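Dear colleague,

Please find below the structure that I am handing over to you. My findings follow it, arranged by region.

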Amino acid sequence: MSALKSVDVAIQVYGKPLMTGVAISSLLEHSGKWIDRIYLIEEKVQPNNSDFSYLSRHFKDRIIHVKPRFYMGHKASRKSLHWFTPYRRSIRYQYAFEKSKNPYLFTIHNDMLFHGDILEAYLAQMKSGHFAGVGPIGQCWNCPAFYAKKCTPDAYSDYKPDWKELGELSEQFYAPRKEIYQHFAANNQSWPLPECRLNEWAALIDLKQVRPYVKDPIFGDMSLDTATRWFSILNHKGLRFKNSSIDPYATHVWTGVEGEENSGLSTQNNINLYERAETQSYQKLVEHFGFHIKELMPILPKKLIVE
């Protein structure tokens, strides 16, 4: 098993400061023995007057709080500016990729709730197969090959259609982004499939393997989606990735309710869902993780929602 304190964590935050506190607290509760530092990367632009400074005060030097100079949002960066370090390190997660000195980096979303030692499981899988990355693979809900039952996250490296075959599948099965697949393909490669990636909401990455490529391709850069270009190019470099579900170790968008639109973006864009999520997070921080009400008062939602 890998040594303790061998993992740094990278969490990119846009809003939801209380949910962020729950993500960090629950991860440390269950996997803290593996974790050295947490890179809290705060987007330059923030909604709802979000303030994350309470996390640095609470966790002290465990947190490295970074505020990049540039804001990318969900747009692709300009590759011609990647030479400029402040610009390049403003791309999602990139600061942690370049600054971490530990063997492993664990990227997470700030709407995760951990309820088991996910890092123990992921580290064991990574070591057993010498994988460059472990975590949930693929956006299969958008992929025609998945609906055609030709590909699964566990077997993404087995199905390698050409563009003609993939185009035919895209006409027969659900493929909401089919019109732009080839536009975003790395080196015009049809494999890995366009919707294939190591999902950044819970991805453990072996920095020793990816470090030669840390500045190109860039993990957090947006192409078809975050890390799709990175995943494609590194697969063609011969690096191997292991699909591993977050179950039973974590829940993504844990404040969602069955039957409603349940995603990080829907929570971000709907003020009612946003305030409900922050209210539930406030309650969990106080009741379960021992935060004092006074340290959270400045960032409470405008109205506490009690269900």
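Which unit do β1, helix α1 and β2 make? Together, β1, helix α1 (residues 17-31) and β2 make a β-α-β unit that is right-handed. Please note that this is a predicted model.

The chain then crosses from β2 to β3 by way of helix α2 (residues 53-59), and this β-α-β crossover is right-handed.

Strand β2 pairs with both of these strands. Strand β1 (residues 7-13) runs parallel to β2, and six bridges join the two; within this pairing, V7 stands opposite I35 of β2. Strand β3 (residues 63-66) is likewise parallel to β2 and is joined to it by four bridges. Here I38 has I63 of β3 opposite.

How enclosed is strand β2 by the rest of the structure? Of the eight residues in β2 (residues 35-42), six are buried, so the strand is largely enclosed by the rest of the structure.

Is S223 buried or exposed? S223 counts as buried because its relative accessibility is 12%, and the cut-off for buried is under 20%.

The side chain of S223 has two polar contacts to report. One is with the side chain of T228, at 2.5 Å. In the other, the side chain of S223 reaches the backbone nitrogen of R229 at 3.3 Å. Leaving aside residues up to four places away in sequence, S223 touches F184, T228 and R229.

Yours sincerely

Methods. Residues numbered from 1 in each chain as written. Predicted model: local features only at pLDDT ≥ 70, side-chain atom pairs only at ≥ 80, totals over all residues. Heavy atoms only, no water. Buried < 20%, exposed > 50% of the residue type's maximum accessible area, 1.4 Å probe, protein only. Polar contact = N/O pair within 3.5 Å; in protein donor to acceptor, adjacent residues only side chain to side chain. Contact = heavy atoms within 4.5 Å. Pairing = 2+ DSSP bridges. Right-handed = clockwise from strand over helix to strand, strands pointing away.
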